[in-house]
Amino acid sequence: MRDKKDAFVIFSVFRNNKPLFENIDNTAKAVTHLQNFGLKTKVVDGVYKGDSEKSILVPIINQVYDLSTVKQLASIYDQESILFVDADRNAKLIFPNNTEQNLGKFIAVPK
């Protein structure tokens, strides 16, 4: 029997049209917001469309509450999508209009 892993979301609040200091500040604000809602967070290095950016990993324990909270926050920061990874490590992008794009298996790689 394998250990059950939590599902998680990775998303960023970085925007290419904003200066780096503002993106870093927005990341800190988003982390605080999530933690105030009782969610655990971890800032990680992510890549989206070839660009490296600070991203936020959020374990999804209560899928309805946790995922909707992250989706609302991503919408506030005008994000194109969030990455959702289920307990079996199937990855998909979720877009603001609730459409999804399956990506296959998620594999974390070292920096």
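Colleague: At what angle do helix 1 and helix 2 pack?

Modeller: In this predicted model, helix 1 covers residues 20-36 and helix 2 covers residues 63-76. Their axes lie 11 Å apart, and the packing angle is about 150 degrees.

Colleague: Is helix 1 roughly parallel or roughly antiparallel to helix 2?

Modeller: Angles over 145 degrees count as roughly antiparallel. The two helices pack at about 150 degrees. Helix 1 is therefore, relative to helix 2, roughly antiparallel.

Colleague: Is the crossing of helix 1 and helix 2 left-handed or right-handed, and which residues of helix 2 meet helix 1?

Modeller: Helix 1 passes helix 2 in a crossing that is right-handed. From helix 1, A30, H33 and L34 take part in the contact. By class, this contact has four nonpolar, two polar and no charged residues. The residues that meet helix 1 from helix 2 are T69, V70 and L73.

Colleague: Which loop holds N98?

Modeller: N98 is a residue other than glycine with a positive phi, near 70 degrees. At 48% relative accessibility, N98 counts as partly exposed. Its place is in the loop between strand 5 (90-94) and strand 6 (100-105).

Methods: Residues numbered from 1 in each chain as written. Predicted model: local features only at pLDDT ≥ 70, side-chain atom pairs only at ≥ 80, totals over all residues. Heavy atoms only, no water. Axes fitted to C-alpha atoms, helices over the stretch in contact; angles between N-to-C directions. Helix = DSSP H or I, 4+ residues; strand = E, 2+ residues; numbered from the N terminus. Parallel < 35°, antiparallel > 145°, perpendicular 65-115°, else oblique. Left-handed = near helix turned anticlockwise from the far one by under 90°. Contact = heavy atoms within 4.5 Å. Nonpolar A, V, L, I, M, F, W, Y, C, P; charged D, E, K, R; others polar. Buried < 20%, exposed > 50% of the residue type's maximum accessible area, 1.4 Å probe, protein only.
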